[in-house]
Amino acid sequence: MLLPRVLWGSVPLIVLLLLLPAAEPICPEPCDCQQHQHLLCTNRGLRSVPKTAEPQDILTYSLGGNFIANISAFDFHRLPNLLYLHLESNRIRWLSRGAFTGLAKLRFLDLSGNQQSSLRHPDIFGPLRSLHTLLLASNSLRQLTGGLFQHLPGLAKLSLSGNRLSHLAPDAFRGLGSLKELRLEGNLLSHLPATLLEPLDSLEALDLSRNALTALHPAAFGRLGRLRELSLRDNALATLPGELFASSLALYRLELEGNAWSCDCRLRGLKRWLAAWHSQGRLLTVFVQCHLPPALAGKYLDYLQDAQLSLPQDGGPCPDGAFPSPPSPEGLGSNNSAVGLPPGPPPPAASTARLTLGVPIAASPTPAPLPSAAAWPRRETPSLSGLALPS
């Protein structure tokens with residue numbers, strides 16, 4: 001009689017267990033969790049972020065290639081140890097201000113290939129203090145407001161390529177002192193605010209290709225002392241100031257092709273800077289192919305003489321420095337600027353200085369009248385073939 005009593009006493013426990021709600025699985029049903037610490041939900045036709053239990057140890061969550069349109073404040077709050085979050089190639093148009101709350105350890109966030117048209121609240125990225133890489137490429141972003149990334153002190157790579165950006169606030173990149181790579185190619189930028197890049201003193205690679213840039217401020221890259229790679233190809237540039245890259249002492253790759261360059265006196269400074277850096281082996285080959293004037297169309301700036309770079313066709317003046325003064329006697333044979341620019345050519349004919357063996361001598365303020373031609377002594381003109389005149 002003892003055995004039936006034991007069995008009968010255990011029945012309520014079994015029934016109770018059957019009546020309890022089933023525990024929520026750590027791995028959502030449409031996802032693949034075969035790899036420990038990784039949730040793989042890529043290309044599963046999902047329209048929202050699957051609900052999970054308490055997977056404290058999940059490090060990677062892949063949700064790319066779905067139909068997710070919104071990210072709420074409760075989608076990832078159970079993943080405090082998450083390091084990598086893939087949300088690329090969805091239909092995300094809206095991010096809750098608390099979308100990334102609790103993801104203090106996240107290092108990689110991919111939001112590329114979505115349908116976001118604006119990011120207005122810096123609080124969106126506020127919790128991501130450890131973020132290293134942020135990919136926002138191929139969305140529909142039209143502008144960046146100031147301070148949007150100010151809470152990302154450790155961000156090293158930011159991609160905004162393939163958007164519709166036509167305006168950047170002057171302080172759009174404030175707080176990104178650790179950024180090393182910035183990609184802005186394939187947008188609609190026609191100009192850059194003069195102080196836009198000042199906070200990026202650690203930047204090493206900058207891609208501005210395939211935009212609509214028509215001009216750049218002479219100090220646009222003035223704070224980028226560590227810049228190594230810069231692409232300005234396929235824009236609408238016709239000229240660049242010669243001092244534009246003077247502070248970028250680490251620069252070794254510069255892409256300038258694909259612009260309609262006007263080879264006139266405004267490019268003399270750039271030409272000399274390129275020649276100096278090429279001669280020192282500090283720069284890879286840079287192609288600046290002339291579009292104007294017609295007589296120089298198709299020629300490369302490197303192979304032109306300064307005398308061929310005449311006044312602009314629009315009748316504008318040559319900028320300061322287009323006709324630099326000759327070197328001083330102390331500087332003959334040495335660099336005449338902080339970046340090693342070679343000595344410039346003699347001043348134009350309108351100058352009041354005379355040139356004797358490459359050394360400038362100030363002209364007399366009240367020169368004496370010249371004697372008549374008949375009084376001039378007859379003598380042979382000395383040959384200049386052996387004299388070294390400045391280039």
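Modeller: Let us begin with terms. Two strands pair if DSSP finds at least two bridges between them; helices (H or I, at least four residues) and strands (E, at least two) are DSSP runs, numbered from the N terminus. This is a predicted model, in which local features need pLDDT of at least 70, side-chain atom pairs count only at pLDDT 80 or more, and totals for chains, interfaces and linings use all residues. Residues are numbered from 1 along each chain as its sequence is written, and side-chain values use heavy atoms, with hydrogens and water left out.

Biologist: How many helices and strands does the chain have?

Modeller: The chain has two helices and 18 strands.

Biologist: In which sense do strand E4 and strand E6 pair?

Modeller: Strands of a sheet pair through backbone hydrogen bonds, either parallel or antiparallel. Here E4 (residues 84-86) and E6 (residues 108-110) pair in the parallel sense, over three bridges. His 86 has Asp 110 in E6 as its bridge partner.

Biologist: What is the order of the strands in the open sheet?

Modeller: Its ten strands, with parallel pairing, follow the order E1-E2-E4-E6-E7-E9-E11-E12-E13-E14. Strands E1 (38-40) and E14 (253-255) stand at the edges with a single partner strand each, so one side of each lacks a neighbour in the sheet.

Biologist: Is Tyr 300 buried, partly exposed or exposed?

Modeller: Buried means under 20% relative accessible area, exposed over 50%, and partly exposed in between (1.4 Å probe, protein chains only). Tyr 300 is partly exposed, at 33%, and lies in the loop between strand E16 (290-292) and strand E17 (353-356). Of the 391 residues of the chain, 39% count as buried.
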